[in-house]
Amino acid sequence: MLTRTLAIRLAGVLVILLLISFLTFSLVYLAPGDVVKNLLGTRPSTPEAIAQIRAQYHLDDPFLVRYLDWLWGCCAATSAPRSGCGNR
């Protein structure tokens, strides 16, 4: 009985953490402005440089692919001594 209750509570916590991570990623994804322009700053850029940055950071991937990649990176970052989430 106790193990069943603990399993249900743990499953609930995992679902809540997954929802919070999805909402957090969604808010960052929906933030105004272009990520590439923020990365380049005031430096002049060519269309080739912009395309290279988009390819390097997978910015043209669909939303769910980017979310799952980010989530996998965060999970891997917690199990291995690396720097924070999202670093490739």
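Select Ser21. Ser21 lies in helix 1. Helices here are DSSP runs of H or I with at least four residues, strands are runs of E with at least two, and both are numbered from the N terminus. This is a predicted model, in which local features need pLDDT of at least 70, side-chain atom pairs count only at pLDDT 80 or more, and totals for chains, interfaces and linings use all residues. Residues are numbered from 1 along each chain as its sequence is written, and side-chain values use heavy atoms, with hydrogens and water left out.

Stay on Ser21. Is it buried or exposed? Ser21 counts as buried, at 12% relative accessibility. Buried means under 20% relative accessible area, exposed means over 50%, and partly exposed is in between (1.4 Å probe, protein chains only). The side chain of Ser21 reaches the backbone oxygen of Leu18 at 2.8 Å. A polar contact is a pair of N or O atoms within 3.5 Å; within protein, one must be able to donate a hydrogen and the other to accept it, and residues adjacent in sequence count only if both atoms are side-chain atoms.

Next, show what surrounds Ser21. Leaving out residues up to four places away in sequence, Ser21 touches Tyr67, Trp70 and Leu71. Contact means heavy atoms within 4.5 Å.

**Along helix 1**

Select residues 2-29. This is helix 1, with 28 residues. From its first C-alpha to its last, helix 1 reaches 40 Å, close to the 40 Å expected at 1.5 Å a residue. The expected span is 1.5 Å times one less than the number of residues. Colour the buried residues of helix 1: Ser21, Phe25 and Ser26.

Now pick Leu10, Val13, Leu14 and Leu17. Together they make a nonpolar surface patch of about 390 Å². Patches are made of residues with over 30% relative accessible area and no salt bridge; like charges are joined within 9 Å, and nonpolar side chains (Val, Leu, Ile, Met, Phe, Trp, Tyr) within 5 Å. Areas come from the Shrake-Rupley method with a 1.4 Å probe, and for residues only the protein chains shown count as cover. An α-helix has 3.6 residues a turn, so residues three or four places apart point the same way. Zoom in on Leu17, which also sits in helix 1. Leu17 counts as exposed, at 51% relative accessibility.

**The salt bridges**

Select Arg54 and Asp34. Their side chains meet in a salt bridge, at 3.1 Å from N to O. Arg54 lies in helix 3 (residues 47-56) and Asp34 in the loop between helix 1 and helix 2 (35-40), so the pair ties together parts that are 20 residues apart in sequence. A salt bridge is a side-chain nitrogen of Lys or Arg within 4 Å of a carboxyl oxygen of Asp or Glu. Side chains of opposite charge can pair when their charged atoms come close.

Check the surface next. Arg54 is partly exposed, at 21% relative accessible area. Asp34 is partly exposed, at 26%. Asp60 is exposed, at 60%.

Go to Leu40, in helix 2. Leu40 is buried, with a relative accessible area of 14%. Which residues does Leu40 contact, leaving aside neighbours within four places in sequence? They are Ser45, Ile50 and Ile53. Draw a line from Leu40 to Ile53: the two are 13 residues apart in sequence and 9.2 Å apart in space, C-alpha to C-alpha.

Move to Val35, also found in helix 2. Val35 counts as partly exposed, at 43% relative accessibility. Val35 and Tyr57 are 22 residues apart in sequence, and their C-alpha atoms are 9.9 Å apart in space.

**A loop stop**

Select His58, in the loop between helix 3 and helix 4 (63-79). Phi of His58 is near 55°, a positive value in a residue other than glycine. His58 is partly exposed, at 31% relative accessible area.

**Zoom out**

Show the whole chain. It has 4 helices and 0 strands, running α-α-α-α from the N terminus on. Buried residues make up 14% of the 88 residues. Of the contacts with a separation of 6 or more, 48% join residues 24 or more positions apart.
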